[in-house]
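I opened a new notebook page for this one. My plan is to look things up piece by piece and jot down what turns up.

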Amino acid sequence: MAKILIVEDELNLNQILQDYLHHFGYQTVSAVTGAEALSFWKEEKPDLILLDLNLPDMDGLDIMREIRRIDTVPIVIVTARDAEIERLIGLELGSDDYISKPFSPREVVARIKAVLRRVGQPIAPSTILRLGNLQMDLRGHTASLNGVELELTPAEYEILAQFMTEPDRAFTRLELLEATQGGGYEGYERTIDIHIKNLRQKLKAIDPENNAIQTVFGIGYRAMRKG
Ligand code: CA
């Protein structure tokens, strides 16, 4: 099981990343300052470091330089500015990938998985999500209900994957919108209602009794274990 050091001072985001990585079978260590990042890097020997560049006490680039002097551990940079990423690529400081904020946690998991695969570290074992009679194979990018494959649009696929990653959790339309757009915000939350409607129709076409996706009044939607 790969161990990921999350360096992120936004507590909420740090927690979301921890939850997602745990769900996908990773172990995590969480740092909220540069000083913590360096001490956990030494003590915990993570398999990969997810490094936010804007930290309260240190510049993320200095942390990366410090680590790179003696360690080739994969580092995935997280930053809020695209322009900064271009500058970083120019500097060739030796990070393994870059993620710009805002991002979807699923995107982060996918990037981490890709980097670990590249460097030959163990990959999280499970890419199969199950919820009731619904099943998704994230590696094969397929979804099925009662063993019958669902023909989903990319947006519907991402929405369903969100629900199945965290069963019972109510998602806001904005969260679902982020999932479909890889972190972008262009678009209107009501488009989610249309995706949900189509997704429900596809589930009902296979199983007319299926009621897996429920409306949460005033919030958004969720998928229940008992649908
Ligand atoms: Ca930050």
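**Entry 1: a word on contacts.** Before I list who touches whom, I need a cut-off: I call it a contact when heavy atoms lie within 4.5 Å. I also note that I am working with a predicted model.

**Entry 2: Lys-3.** Lys-3 sits in strand β1. Is Lys-3 buried or exposed? I found Lys-3 buried, because its relative accessible area is 15% and the cut-off for buried is under 20%. Then I looked up its partners, leaving out residues up to four places away in sequence. Lys-3 touches Gln-27, Val-29, Glu-44, Pro-46, Asp-47 and Leu-48.

**Entry 3: the whole protein.** Next I stepped back for an overview. I counted eight helices and 12 strands in the protein. Of its 227 residues, 47% count as buried. I also checked how far along the chain the contacts reach. Among contacts with a separation of 6 or more, 56% join residues 24 or more positions apart.

**Entry 4: the calcium ion.** Which residues coordinate the calcium ion? I found Asp-9 (OD), Asp-52 (OD) and Asn-54 (O), at 2.2 to 2.4 Å. Along the chain, these donors follow the spacing D-x42-D-x1-N. Asp-9 is in the loop between β1 (3-7) and α1 (11-23), while Asn-54 is in the loop between β3 (48-52) and α3 (60-68), so this pair ties together parts that are 45 residues apart in sequence.

**Entry 5: Pro-56.** With 60% relative accessibility, Pro-56 counts as exposed. Which residues does Pro-56 touch, if I skip those up to four places away in sequence? My list reads Asp-9, Val-32 and Thr-33. Asp-9 is one I had already noted as a calcium donor. I also took the distance from Pro-56 to Ala-35, which is 21 residues apart from it along the chain: their C-alpha atoms are separated by 10.0 Å.

**Entry 6: the nonpolar cores.** The largest nonpolar core has 45 residues, and Tyr-26, Ile-112, Leu-134, Leu-160 and Phe-163 touch the most other members. Helix α6 (residues 154-165) gives the largest share, six residues. Where does this core lie? Domain 1 (3-120) and domain 2 (128-223) both give residues to it, so I place the core between them.

Not counting residues up to four places away in sequence, Leu-134 touches Leu-129, Ser-144, Leu-145, Leu-150, Leu-160, Met-164, Leu-203 and Ala-212. There is a second, separate core as well, of 20 residues, including Ala-31, Phe-40, Leu-55 and Leu-61.

**Entry 7: the largest pocket.** Last, I checked for open space. The largest pocket holds about 410 Å³. I counted 17 lining residues, and Leu-13, Ile-16, Phe-103, Pro-105 and Glu-178 lie nearest the centre of the pocket. Which element supplies the largest share of the lining? That is α1, with four residues. Both α1 and α7 (173-180) supply at least two lining residues each.

Terms used. Residues numbered from 1 in each chain as written. Predicted model: local features only at pLDDT ≥ 70, side-chain atom pairs only at ≥ 80, totals over all residues. Heavy atoms only, no water. Donors = N, O, S within 2.8 Å, 3.2 Å for Na, K, Ca; no water. Core = buried A, V, L, I, M, F, W, Y, C linked by side-chain atoms within 4.5 Å. Buried < 20%, exposed > 50% of the residue type's maximum accessible area, 1.4 Å probe, protein only. Domains from an automatic or database assignment. 1 Å grid on protein atoms, 1.4 Å probe; cavity = no way out; pocket = protein on both sides within 12 Å on 5 of 7 lines; lining within 4 Å. Points joined across faces, edges and corners; volume = space filled by probe spheres on them.
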